[in-house]
Structures are given as C-alpha cells and as structure tokens.
2 protein chains.
Amino acid sequence: MSFFFYPRSVAVFGSFKRGAIAYEILRNIVEGEFTGKILPINPKGGTVEVNGKTFRIKPKLNEPVDVAIIAIPAKIVPALIDEIGPLIKGAVVISAGFSEVGNVELERELVEKAKKHGIRIIGPNCAGIFGVHGKFFGSFEVRVKPGGLALISQSGAFGGAALAMGNDEGIGFSAFVSYGNAADLNESDFLEYFADDENTKAIALYIEGVKDGRRFMKALRYAASKKPVIVLKAGKSASGAKAAASHTGSLAGSYEIYRAAFKQAGAIEVDEMEELFDAAKAFEMYPKAGKRVAVITNSGGPGVLATDKLEKLGLEMAKLNEETVQKLRSFLPPQCSVRNPIDLIADADYERYKRTIETVCRDENVDSLLVICVPPIFIPSEEIARAVIEAECDKPLIVNFMAGELVREGVKLLEEKGIKNFPTPERAAKALKWLSLR
Amino acid sequence: MSFFFYPRSVAVFGSFKRGAIAYEILRNIVEGEFTGKILPINPKGGTVEVNGKTFRIKPKLNEPVDVAIIAIPAKIVPALIDEIGPLIKGAVVISAGFSEVGNVELERELVEKAKKHGIRIIGPNCAGIFGVHGKFFGSFEVRVKPGGLALISQSGAFGGAALAMGNDEGIGFSAFVSYGNAADLNESDFLEYFADDENTKAIALYIEGVKDGRRFMKALRYAASKKPVIVLKAGKSASGAKAAASHTGSLAGSYEIYRAAFKQAGAIEVDEMEELFDAAKAFEMYPKAGKRVAVITNSGGPGVLATDKLEKLGLEMAKLNEETVQKLRSFLPPQCSVRNPIDLIADADYERYKRTIETVCRDENVDSLLVICVPPIFIPSEEIARAVIEAECDKPLIVNFMAGELVREGVKLLEEKGIKNFPTPERAAKALKWLSLR
C-alpha cells in the first residue's frame, strides 16, 4: 500500500477552476513540493496555473501513474475507474454521493471495477491522503509538518480540523488518511500498514464505527503491538450513535463492546479531541513511561494541581530516595521543598532547574519527570527552557510551561528541540498517564 | 472594601531598581493608566522613571492614601504598618517570610498593628491586586482586559498564570486578588465583596484550603446566590493535600467535605485549570442555560463528538418540534440532516447558518444552541462568524469554531462581539453543562 503514501506519480481528475476541489488538491501537491510527476486531467483540457507554474491539463490519462485522485461527479466515477484501471495502482475517490446518501449500487459498481483491474480504492466520500515524508499532500486539507504521527480518520472534516489543530499544537505527522465510506480499504488496512511504516511512531484513529469487528480487533492488536495506537471513538452515547449512523452510515454498535475491544487490543482510548492531540504529542516524544512521577515546579499551586491529577489518574508520586533528598538539600535554598512535588520557588533559575532535573532523573525510584514553569519573575522563560533542554536526563520528561504569551519564547525554544509543551498541569499529568499505559 | 479595587491614591513601598518587585508594580500601575495619585516610597529617596515619566521617590509617606502596597523585607513590615497606619485605609503586603515559613509571630504582629489602626490587610506573601475597572493594577502580574470575571486566588503564581492564560482565552476581568496567607482579609471577605460588586458578573476562586469553614460556607452561599461562583480546589488527593500544606500552610482537609460544601452552596466546581477558564468564559457571556441543547454543525464528526459529550454530562439533545423540522426542511438542501444534531454539511454558508440558528432558536423545546464550524472549504470563516453574530437569537449560544489558524479571522470577529470561542466540541459541551448548573 506504500504507493499511496510515497507515490512517484499522481493524476488528479476534476475541475481546475480556482477554488474547486481538484484545483485545491493540485495546489496542495504542488506547494507541498511533490517531486514526482503531476498530471491534472479534465476532458476539457486547457491549462492551470499553480504557484506561478503552468500545467497542461490532459484530456485523458494515457500513461501509468501510481495514484489517481478523483474529484468528479459520483455517477461517472465507476466508468473512469474502468477506463484508467490498467494505468494506475490505486485511486483516492474524494467524490461524495455514494452509499452515504443511499447510492449503494453505485458504490458496489465502483468496487467491482476496481477489483476487475486489481487496484485499491480509498474513499469514496473522503478528504484524501497525505504521505508527509514522501512530500505528497493529496488532499485539500491544510499541510502539516513532517513527524511521527499517522492520523487515520473516518470523518474527513474531523481529520482536517485535527491536522490544523495539530499544527497549532506542534505535532509532526507521518501521514493522514481520510477513508470516508471505506468501500475497499478501511481502518484495519491502514492500521496494519502504519504499524509497519518506519516513519510512523504513533497512530491516531478517529472512528465512528467499523463494519468488520473481528478484522478490526486483529489489526488493532497488531498495530498496538508495534507502536502506540490512540483511539477516539465517536458515537458513544445513544444520540451520538444515531447521529453517526446518519453521518457515515456506520452502525456505531454498543460502545461498551468497543471500549472493551480497545482495551483488550492494547490501544489507548481517549475521550476528547484535545486528549487525542495531547496523547499524540506525548507518544511522538516517548514510546512509554513508568508510573512513578517526580514533579518539579517553580510555583506551589500548579505543583499541587499536577499532584492531584496524577493521583486521580492512578499514577504515583515517586518517593525520592534519601540520597536524592540530601543532594537536593545541598544546593537548593532552604525555602525550597525537596519532597515530591519539588518546589524550586519563584526565583528558580537555569542552574536550579538543571541540577534538580539531573539529580532527580538519576533516582531509581523515579520513572518520569513533570517539569512545571510559571513565568519566572526575574528571568526570561527561555532560560528555564534551556535548562530543560540541556539537563542530562534519559527518562521521559513532560513539560508544562504555563501562561501563554509570557512563556511563548521558552515554549518555542523547547519545540525547536522536539519538546512539546502541555499548557496546563492537568494536561501534562494526563500525558504521563497515557505513556504509562504502554 | 472597595477602596482596594477603586482607590483614588496609592503608595508603593520597596526598591525601585529596574526588575525589583516594587518597581514592577509601579510600572504596572503607571502603564495601566491609573488616574489617581501614585507615590513611590523608599527611605533612600531619589527618582524612578517609568514609561518616560519621572517620579520622585519620597523617603516616607506623609499624606493620606487609600492603599499602600508593600514589598519590603518581612521583618520591618509591622513597624511600617504602625508608622503609616494613620494615613492609609488598607495595605497589600507582597512581602514573603511570614507564617508560610514558620514566622507565625511576625504575622501576628502585623495583624495586631493593622487592628490597632483599624486598617485592613491583603496578604502577606501575595502577588497583589487588580481593580480593572478602576484602572488599578497593583500587582506585578500581567495586565488584563476589563470584563466581568473576578479572580480570587490563594496561590499568587497560579493567579498570575491564570491572568495570562485568561488573556489568551479572551476573558475580561473585573478584578484579581491574590490573598496569600490571608492574615486578615480572606477568601470569604472577597467572595462577599465581589458578590455585590456591580462590575463583576462571575467569580472564579482558586483555593487550597480555608481556615474558617463555617464562615466560608456562608460567604460562598451568599456569593453563589448573587452570581456564578466557579471553584477550583487544589489539594484534592492525599499527596496533593500534603503538598498544599507545605505550600500555603493551609490544612486542605478532606476533599469530600469541600466537594459537598461547594455543591450545597450552589458553587460550580471544576476539576482542571482549563475548565476554570472555560466556565469563566461561559459565565462572562450568560448567567445560565437550560438543559435542552440544539447542535448545529457543518461537519458530522464534530457534531457526534458534541452529542456524545452533552449526553455524558447529563444534558439533553433537544427534540425539535415538527414545525421547526419542516421549516428547516423547507430551506436546507436535502443532504442536510434536520434532526438534532443538525448537519448543514460542508458547503454551508452565511444564509444557511443564520436561518438555521434563527429557526432553531424559536423552538420552545430548545434551551440553548451549540454552533460548530469546521473550516468552510469555499468561503472564509468570517462569513459563518457573521451569521452567528447577526442571527436573531435570544437564547444562550455557545460556539466551537475548530482548527486554529484556519478559523482565526472568524474567531477574532466573534470575540470582538463578545462571543468567546471554545476550541473543541467537548469543551463547548462542558460550557453548556456549567451554564445548566445555575
């Protein structure tokens, strides 16, 4: 299936008027600096300009390409697949108007034509795909930075919103696939594929329902055995399930069954969209973490909030060993608390943070660190960011730099080094919880 | 107590070297455009320049002022209070080094001097106060925009971080008070005061523990009878309570007792820092809302997520009456779902949103609306923002414009009109939950 995410050539079918779907996809592919061959196709021919570059629109495809992206009226899609089948390996069908609006027969026909030519289909009724490391942005959704997260989304719009919000959260992506009606390839195929994709460190899955539960369990178990799989299930409530049915036509089924299945397969279920990002951020950094957490803070209150959340989530406040406590006592001012949470107080600087992180990290009772920083009064937040970056520590370390604008420069510095920030103590604590589930 | 938040004159005691606490407070007062008299005081005299304006530093206070802000070494604070007592109405003692580090006697002395002169004390060991509508920023924390939220925080650093994050979230503030050790005035006094402050629409309270539970209950009940009171309690867990004790010296006590007390008093307890903001945003807009929610969306997935969360939180998906359904059917494209959640599908524009909001708002089965917008493909998000702003609807309406950068302009437009955005469907659903608790 890798030809979908690392294609050498692509044909785009549809209208290339500015603002039309096919045009937007072409623009994304070109602006994303795809290095392979790009063929815009429309029976009317003509030219299309993207980013100052002019493409001839071919009236029909007459050479082999890896992937066809199709955004033409649903009715004529099966005929097109039949026509170009011998020339392509797979097609991404963006077009809507299939089973999701009752046109089951049309969708059946689409699959039949694909089978006839031995090609694979993503969609129909989908938002497209990204193979980020292949610089292939085959979707009209916003482009993203390369990284370790593969996002598989049953809902195109959810996926698109998640990509944009992922950009804001500093998440890097390996791939994105919106699989729509899943007429041919479905969530299970993508789980299996990304489980083996070496650029993918973690998989995030948004589903409303699956058709083949047995297959799904197998794929989920396989993927979760290879890397973290984060699942957000929509349609958990009675009304939600009903709404999902009218949205993607999927039978949401009993949520309790899904829930048990996720757990049994070793996937990490999150309850909210924001948690999907936070878990993804955590797993892009670390494959897992133990349960015994040391909290380091320059402010008591947030340290207490983190402690509350960690305990509530079933994690443990690490009991520092005596050697660690004495070492901390030796260089920290007497007002500092050397019990966990360790309070470095308001005037904590680079040195105090760095030495504390290093000392605590060497304690065998500590599995992971949660480092909190409220805006330091006398120094810029970048200094604390540098302390976090430069401290020698080989254990998972989650940071919570608080207070938006006031720590922006520090957060930027951290992100440049691949250290993602969690904006509240509780969100940081939850990140450690998810890491502990692996 | 209003002289603290709407003073006519203020004296600041401490060092006015750049970066020193007293200097930073003076800077904040001057930059915040305080219109009353400002007197920097230090025995060494001299001058201090702030914002291109030069102030003479008086060696001692020799004229009456409403408020003294004190950032001098703890040891000499009681003597200063004794000296200036006859000239002031109240003092905000920023200085640390009192009961929180075991100097109980020093704190007792401070209170004694204040009582002797009949003046009131905020602090010691606090971050100061803001009276935002009085343009009085008597703290070194970041200044905020005027609005309806009074923030009362036991932890100064938490308060400071919350103010900065509140700025990012578009929250407007009426006041801020960090009350530190609460040697004299405490959380109960502030609750009662802000309950009657006409510029305050909602009160947010961060506490670790209270000393006088009976008094607190009375004050909380009184405040909650007047306006929404949102409480974030830190020190809920065993380790958290222990950490709180070493932080503010307060006995956190059994969380179950607090929890019951909050409920009984009619306060709204939130579990996380982010929820404190979200509840504050909701209550800055609306005093309350009923339980029957109509969800309007341009994307199925997020509509399902909102539905799931609403049901999980015990709210109801409003059952639209037949007239509403037929009216919607009359102008919406056939692919749209007119059942709740109402899916306007991807190409929804200004007109479709506006008419739908207006139609649904008139349904007597609907108490409140949750309007979701993922980035529209063919039009800018501002158009949907305009539809929300211009729709005639007199019921609480919570918006969730999703996807950061892609909807930034729309969100900006909404915020200019006082409509605060909730970035995920779940956070929007929670906002409605809190509104339903009033």
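Helices here (H or I, at least four residues) and strands (E, at least two) are DSSP runs, numbered from the N terminus. This is a predicted model, where local features need pLDDT of at least 70 and side-chain atom pairs count only at pLDDT 80 or more, while totals for chains, interfaces and linings use all residues. Residues are numbered from 1 along each chain as its sequence is written, chains are lettered from A and ligands numbered from 1 in the order in which they are written, and side-chain values use heavy atoms, with hydrogens and water left out.

**Stop 1: helix 4 of chain A**

Select residues 104-117 of chain A, which make up helix 4, and find A:R108 and A:E105, three residues apart, about one turn of the helix. They form a salt bridge, with the closest N and O atoms 2.6 Å apart. (A salt bridge is a side-chain nitrogen of Lys or Arg within 4 Å of a carboxyl oxygen of Asp or Glu.) Which residue does A:R108 also meet in a salt bridge? Show A:E112: its side chain pairs with that of A:R108 at 2.8 Å, N to O. A:R108 and A:E112 are four residues apart in helix 4 of chain A, so about one helical turn separates them.

Buried or exposed? For that, buried means under 20% relative accessible area, exposed over 50%, and partly exposed in between (1.4 Å probe, protein chains only). A:R108 counts as partly exposed at 44%, A:E105 is partly exposed at 47%, and A:E112 is partly exposed at 41%.

**Stop 2: a bridge in chain B**

Now jump to B:D367 and B:R292, a salt bridge whose closest N and O atoms are 2.9 Å apart. B:D367 sits in the loop between helix 13 (350-361) and strand 18 (368-373) of chain B, and B:R292 in strand 15 (residues 292-297) of chain B, so the pair ties together parts 75 residues apart in sequence. B:D367 is partly exposed at 21%, and B:R292 is partly exposed at 28%.

**Stop 3: where the chains meet**

Show both chains. 61 residues of chain A are in contact with 61 residues of chain B, contact meaning heavy atoms within 4.5 Å. The area buried between them is about 4300 Å², with carbon and sulfur atoms giving 63%. (Buried area is the accessible area, 1.4 Å probe, that two parts lose on being put together, summed over both.) Pick out A:E272, A:V304 and A:D308, which supply 11% of the area that chain A buries against chain B, more than any other three residues.

The rule finds 12 salt bridges across this interface. For one of them, zoom in on A:E274 and B:R427, whose side chains meet at 2.9 Å, N to O. Then color helix 11 of chain A, which gives the most to the side of chain A that touches chain B, with 10 residues.

**Stop 4: helix 14 of chain A**

Finish at residues 381-390 of chain A, which form helix 14, and show its buried residues: A:S381, A:I384, A:A385, A:A387 and A:V388. Look down the helix axis: these buried residues fall within an arc of 155°, so they line one face of the helix.

Conventions:
Arc of directions from axis to C-beta.
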